[in-house]
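This report describes selected features of one protein model. Please have the sequence and the structure open while reading.

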Amino acid sequence: MFRKKALRINTYLGYGTNTLFRATGRALEDEEVDFGTNQNVFKTLRNIYKQFESDEIRNVLIELKLPDGQIIETTTDHEGYYHLKLDISTLTKYIDNKGWITYIASYKEEKMRKKISHKNIFKSQMLIPSGNAEFGVISDIDDTILHTGVASFFKWRVIANTVFKNFDKRTAVEGTVKFYKKLHLGKNGALTNPFFYVSNSPWNLYDYLTAFFKKNHFPKGPILLRDFRTPFDKTPKSKMPHKQSEILNLLTMYPKLKFILIGDSGEKDADIYTKIAEEYPERILAIYLRNVNHRRKEKRIKRIIHSFNATPILLVHTSEEAIKHAKKLGFIH
């Protein structure tokens with residue numbers, strides 16, 4: 001007989017305000033994915049398969065418990081996700097010294113028939129940017145901070161890197177950690193500038209990417225991914241690119257906060273970032289695009305840059321170029 005799988009809740013780091021609590025996560029069967037280091041190719045393949053094969057738990061009650069014991073109920077949708085937005089006037093008393101609120105997600109046990117993993121306690125956090133933040137940073141992931149190969153022919157490198165390499169075998173783009181830590185500190189050196197990571201990768205890779213970020217010591221921040229669409233997915237496609245939608249959400253959520261946008265020349269980052277900067281010229285301080293060494297794409301990006309003057313924009317070959325530019329503009333020391 002097959003052993004019945006236990007359940008888990010995949011909680012995602014989120015963001016909100018002093019009065020708006022937002023929580024996102026997904027109820028799933030527990031595939032017991034092992035994110036240990038020094039794994040062989042076979043184990044890495046098995047882990048990736050488990051992340052995409054995992055079955056969602058639909059239409060189930062989830063309880064979210066705040067630090068003072070207050071419990072909020074929400075329900076998962078047909079794909080197992082929950083997306084909660086709730087006005088709460090007392091959120092400021094829960095914020096730690098780094099701007100995070102810690103809360104617990106749990107299944108409502110009396111409604112469940114299956115065994116639940118981890119004693120039904122799944123911790124998560126929500127970021128509330130400090131009022132002392134000088135700016136926020138919104139960064140792409142693939143080929144911006146993580147060597148992926150998005151610009152490769154038929155994207156074969158994306159498949160090879162993701163499927164055959166465990167997170168600890170993946171390399172960060174040289175100098176990005178140093179640059180990002182300097183941006184996190186800003187000029188006041190108080191570690192208050194918030195980071196948000198946006199990618200077209202599916203939510204199935206959230207734990208993989210989180211493990212990579214922790215190993216390489218990137219500034220902690222929400223990782224904003226998208227739903228994994230199959231050829232049989234009947235849900236309507238978004239009219240707006242995922243990255244553009246997420247960035248606009250952040251601009252709306254934090255109307256007094258200015259942002260630095262970081263991406264690469266491999267996909268549509270330049271198009272999306274420049275369009276947003278033209279719409280919000282006072283909100284975007286600078287745009288940094290890492291060159292992915294693709295001659296045709298580089299020429300296209302240079303044409304975009306040449307005709308763009310809404311905000312400072314730089315095509316960089318090394319992180320040191322970006323650091324030098326950021327120092328000149330007064331973002332960092």
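The model is predicted.

Three strands form an open sheet in the order 1-3-6, and their pairing is antiparallel. Strand 1 (7–12) and strand 6 (81–87) are at the edges; each has a single partner strand, so one side of each has no neighbour in the sheet. From one strand to the next, the twist averages 25 degrees.

Strand 3 (residues 20–29) pairs with strand 1 in the antiparallel sense over 6 bridges. The pairing of strand 3 with strand 6 is likewise antiparallel, over 7 bridges. Strand 3 is mostly covered, with 9 of its 10 residues buried. In a regular strand, side chains alternate between the two faces of the sheet.

| Residue | Opposite residue | Strand of the opposite residue |
|---|---|---|
| Ile-9 | Ala-27 | strand 3 |
| Thr-11 | Gly-25 | strand 3 |
| Phe-21 | Leu-86 | strand 6 |

**The helix pair**

How do the axes of helix 5 and helix 6 cross? Helix 5 spans residues 242–253 and helix 6 spans residues 269–279; their axes come within 10 Å and cross at roughly 30 degrees. Because angles under 35 degrees count as roughly parallel, helix 5 is roughly parallel to helix 6. The crossing of the two helices is right-handed.

On the helix 5 side, the contact involves Lys-243, Gln-244, Ile-247, Leu-248 and Leu-251. These meet Asp-269, Ile-272, Tyr-273, Lys-275, Ile-276 and Glu-279 in helix 6. By class, the residues of this contact divide into 6 nonpolar, 1 polar and 4 charged.

**Gln-244**

Gln-244 lies in helix 5 and is among the residues that meet helix 6. Is Gln-244 buried or exposed? Its relative accessibility is 8%, and because buried means under 20% relative accessible area, Gln-244 counts as buried. Leaving aside residues up to four places away in sequence, Gln-244 touches Ile-272, Lys-275 and Ile-276.

Note on methods:
Residues are numbered from 1 along each chain as its sequence is written. This is a predicted model: local features need pLDDT of at least 70, side-chain atom pairs count only at pLDDT 80 or more; totals for chains, interfaces and linings use all residues. Side-chain values use heavy atoms; hydrogens and water are left out. Axes are lines fitted to C-alpha atoms, for helices over the stretch in contact, and angles run from 0 to 180 degrees between N-to-C directions. Helices (H or I, at least four residues) and strands (E, at least two) are DSSP runs, numbered from the N terminus. Angles under 35 degrees count as roughly parallel, over 145 as roughly antiparallel, 65 to 115 as roughly perpendicular and the rest as oblique. A crossing is left-handed if the near helix is turned anticlockwise from the far one by less than a right angle, and right-handed if clockwise. Contact means heavy atoms within 4.5 Å. Ala, Val, Leu, Ile, Met, Phe, Trp, Tyr, Cys and Pro count as nonpolar, Asp, Glu, Lys and Arg as charged, and the others, Gly among them, as polar. Two strands pair if DSSP finds at least two bridges between them. Buried means under 20% relative accessible area, exposed over 50%, partly exposed in between (1.4 Å probe, protein chains only).
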